[in-house]
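Morning, everyone. Please bring up the model on your screens. I'll talk about rings first, then the core.

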Amino acid sequence: MLITFQQIFALLPLLIIGASILFVLLCIIFIRNHFIISTTVVVGLLLSLFSLYFVYQNGTQVVTELLIVDSSSIFYSILILLAGLSSVILAYPACLNTYSGNREEFYLLVLISVMGGILLSCANHLVMIFLGIELMSIPLYGLIGYTYRDNISFLGVSIKYTLLSTVSSSFLLFGIALMYVCFGKLSIVDIKNCINENSVIFPELFMLGLGFMITSFGFKLSLVPFHSWTPDVYQGTSIPVSLFLATVSKISVFAVMMRIFFPSFLFYDEKINLVLIFIFCISMLVGSISATRQNCIRKILGYSSIAHLSSILLGLLTGQNSEFSLETIGISLISYLLGTVGVFSILSLVSPGMNGKSNDSLFLYRGLFLNNPFLSFVFTVLLLNLSGFPITLGFISKFYLIVLGITSQLWWFIGVFITSSIISFFYYLRIIINLYSFSSSKLLCNVPFYWGITPSGLIIIISFILLAFLGIYPKPLINFVQILYNYY
């Protein structure tokens, strides 16, 4: 089969990432300079991001049976690249600049994992989905425990994640095998056609295979009952890696679920829909309620991510509202990404001022307002955005989700979603109260005066401005999402 120039051009972001990986490998062999390699990786990710504009102009391209580059894959690739870029920028000053071990391989692992994420967003074949998930996940094993010399507990968390992730992958592989038994093919388009024509030969095996695949995706997205690893891993690794897990890893798997299940895959049997509604509702409640009992900010963020992504998965269940579902998912994911990146950047910024102490405890942020009022205000806005407070993008996102639920008549889901949102406001408020509380002891947070011109500070300010502006005037974002999905 011949591949045209347009098809090769559609893979430009992947080719740029691949070239960056090759360059980093050569640098590690011959130069091993931390600054040069980190700069190269940032430039490579930026070039890959800008190339998506030209890929979009190129239109939808089916690259062999394995990959499809369309507006959906471009949208998720943008989010993945932005999240990867933020993680790399935070990693330089936060955990690598003072690390005594080899630092350059960190960037190599990030690039490979980002490449896996982009492949997942373009996957059009179950084999490519498995390869993409492994390409994204295996570097994470190393990233989680990368700075173990600074904290030996990171190694234990890495082993825990490795074992659980391996089991999850085996579930996915078994599910794919059962799909092949049922349909004799692994192309997502072919499988969807068989389902739409109601020509499933072995419906029991199909349901079993689907169950295994949902189990695997549920682990990657931390859905209940596969969520127990999330808070421990969020807390038990460096902040940039926690951010990478919370964004790149989950957005990539979200893209796969949309590709496989949206819009008609789940409507083969009504029971599947009911099971998924139950899982998403329980995940929202468990994530929100568990977060209220935590005194560690990263654990709170871990549990809140479970509730956030479960609510966004509502889009999977509303296939009859295709365009509005895609618009809702797009706005919600962008809101989640900006809010998460901003909050983790603040955690990263405050960390060096702790004199070696952990920055995880909620009470260590007590009195931050006295030291830096503007940073406390920005932190407050970012947290209010995650809670869905009015005049933030988070509120627009939750408003869209409620309207989508009402138009789809998912009344139970709406009730649980509103309950979960009210609970989430409580634990975000606990963090905000600590920022403005007065402490009799010496202030533990010591943020540098010039934080606004540091890499972390720039990410914080950009996230803050975008969330505040789009919360008041969301039309540019709505237009952006609508244009991107125009070809879908």
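Start with F171. Buried or exposed, or something in between? Its relative accessibility is 29%, so F171 counts as partly exposed. Keep in mind that this is a predicted model.

Now the partner. A search of the whole structure finds 21 aromatic pairs. F171 and F212 make one of them. Their centres are 5.5 Å apart, with 35° between the planes, and the pair is tilted. F171 sits in helix α7, residues 153-183, and F212 in helix α9, residues 203-220. So this pair ties together parts 41 residues apart in sequence. F212 has a relative accessible area of 19%. The cut-off for buried is under 20%, so F212 is buried.

Next pair: F183 and F206. What kind of pair is this? The centres lie 5.6 Å apart and the planes meet at 85°, so it is edge-to-face. F183 belongs to helix α7 and F206 to helix α9, so parts 23 residues apart in sequence are tied together.

Ring pairs link Y141, Y161, F219 and W229.

On to the core. The largest nonpolar core has 168 residues. Which members touch the most others? They are L126, I129, F217 and F379. Helix α11, residues 239-261, gives the most to this core: 16 residues. Look at I129 up close. Leaving out residues up to four places away in sequence, I129 touches L120, A123, I188, F217, V256 and I260.

Terms used
Residues numbered from 1 in each chain as written. Predicted model: local features only at pLDDT ≥ 70, side-chain atom pairs only at ≥ 80, totals over all residues. Heavy atoms only, no water. Core = buried A, V, L, I, M, F, W, Y, C linked by side-chain atoms within 4.5 Å. Buried < 20%, exposed > 50% of the residue type's maximum accessible area, 1.4 Å probe, protein only. Helix = DSSP H or I, 4+ residues; strand = E, 2+ residues; numbered from the N terminus. Contact = heavy atoms within 4.5 Å. Phe/Tyr/Trp six-rings, centres within 6.5 Å; stacked < 30°, edge-to-face > 60°.
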